[in-house]
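Before reading on, please look through the sequence and turn the model around a few times. The report below is written for a student who is meeting such a description for the first time.

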Amino acid sequence: MRILIVDDHPIVASGCRAVLADEGEIEILEAADAEDGECVFIVERPDLCIIDINLPTVSGFELARRILERAPEARIIMFSMNDDPAFAARAIECGAKGYVSKTGDPDDLVEAIRAVGGGGTYLPTAIARSIAFAGPTLAQSPLSKLNAREMEILRLLSAGKSLSEIAWLVQSSYKTVANTSSIMRQKLGVKTSVELVRLAIDSGVA
């Protein structure tokens, strides 16, 4: 199995190699950001992708969207420091087949690779239980009101990017990004971009 790991921390890839050392014939491919990750995927066509949500430029959500747009059959596991069930739910909405928290049991990653690599899906038991029993709590989260593209634009706004920069990063037009920003303010009940950024920070998006 050929696995592409997209993470900007080399120690993560090294850790994955160590965890997977006993898993038989596995070739690890690496990329440090979404742009490199997309290029490696196009050239190498790995069997499985493990993508960190928080990448330096656009997020792992955006990279997953690009990969799945190009190859709908791609098998993707999202990897994050955040164990908020809203992020796991968003990963599933993006088309990922698995979600693993970096703060969880290292065996979770191995199990996710086995499950998703075999054509299935995977969520750690604790996160799956949180989603199942979150109910109204998850629905009340500000994040639950936003789709994947809106989440990406919100994250980039909170990183200090201008609308023009965001349009270039997400491969869209300025007008589309400006309209999306306006729609987000309406959805979240805020009036300015400053309030949007504050909400992003409070919600753990930034």
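This is a predicted model: local features need pLDDT of at least 70, side-chain atom pairs count only at pLDDT 80 or more; totals for chains, interfaces and linings use all residues.

Residues are numbered from 1 along each chain as its sequence is written, and side-chain values use heavy atoms, with hydrogens and water left out.

**The whole protein**

The protein has eleven helices and five strands, where helices (H or I, at least four residues) and strands (E, at least two) are DSSP runs that are numbered from the N terminus. Taken along the principal axes, the box filled by the C-alpha atoms is roughly 55 × 40 × 30 Å. The radius of gyration, which is taken over C-alpha atoms and compared with a globule rule of 2.2 Å times the number of residues to the power 0.38, is 17 Å for this protein, and this agrees with the value near 17 Å that a compact globule of 206 residues would have. Of the 206 residues, 45% are buried; here buried means under 20% relative accessible area, exposed means over 50%, and partly exposed lies in between (1.4 Å probe, protein chains only).

**Features from the record**

UniProt, in an unreviewed entry, lists residues 2-117 as "domain: Response regulatory". The positions are given in the numbering used here, the feature names are shortened, and annotations may be inferred rather than shown by experiment. In the model, the span of residues 2-117 is 47% helix and 21% strand, and its end C-alpha atoms lie 10 Å apart. For "modified residue: 4-aspartylphosphate", the unreviewed UniProt entry lists Asp52. Asp52 is part of strand β3, which covers residues 48-52, and Asp52 counts as buried because its relative accessibility is 4%.

**The largest pocket**

Rolling a probe the size of a water molecule over the atoms shows where empty space is left. On a 1 Å grid over the protein atoms alone, a cavity is a set of points where a 1.4 Å probe fits but cannot get out, whereas a pocket is an open set with protein on both sides within 12 Å along at least five of seven lines, and lining residues have an atom within 4 Å of a point. The largest pocket holds about 180 Å³ of space, and among the 13 residues that line this pocket, Val19, Phe79, Lys102, Pro106 and Leu109 are the closest to its centre. Which elements give two or more residues to the lining of the largest pocket? They are α1 (10-19), β5 (98-101) and α5 (106-117), and α1 gives the most, with five residues.

The lining of the largest pocket consists of eight nonpolar, three polar and two charged residues. In this count Ala, Val, Leu, Ile, Met, Phe, Trp, Tyr, Cys and Pro are nonpolar, Asp, Glu, Lys and Arg are charged, and the others, Gly among them, are polar.

**The cysteines**

A disulfide is a covalent bond between the sulfur atoms of two cysteines. With the cut-off that a pair of cysteine sulfur atoms must be within 2.5 Å, a search of the whole structure finds zero disulfides. Cys39 is in no disulfide, and the nearest cysteine sulfur, which belongs to Cys49, is 13 Å away.

**Single residues compared**

The table gathers the accessibility of several residues.

| Residue | Relative accessibility | Class |
|---|---|---|
| Cys39 | 48% | partly exposed |
| Cys49 | 1% | buried |
| Gly60 | 0% | buried |
| Asn179 | 41% | partly exposed |
| Arg45 | 41% | partly exposed |
| Gln171 | 53% | exposed |

Arg45 sits in the loop between α2 (34-44) and β3, and has a positive phi of about 45° although it is not a glycine. Gln171, in the loop between α9 (163-169) and α10, has a positive phi of about 60° and is likewise not a glycine. Asn179 belongs to helix α10 (residues 174-188), and from C-alpha to C-alpha Asn179 and Cys16 are 40 Å apart in space and 163 residues apart in sequence. Gly60 belongs to helix α3 (residues 60-70).

Technical notes: Grid points are joined across faces, edges and corners, and a volume is the space filled by probe spheres set on the points.
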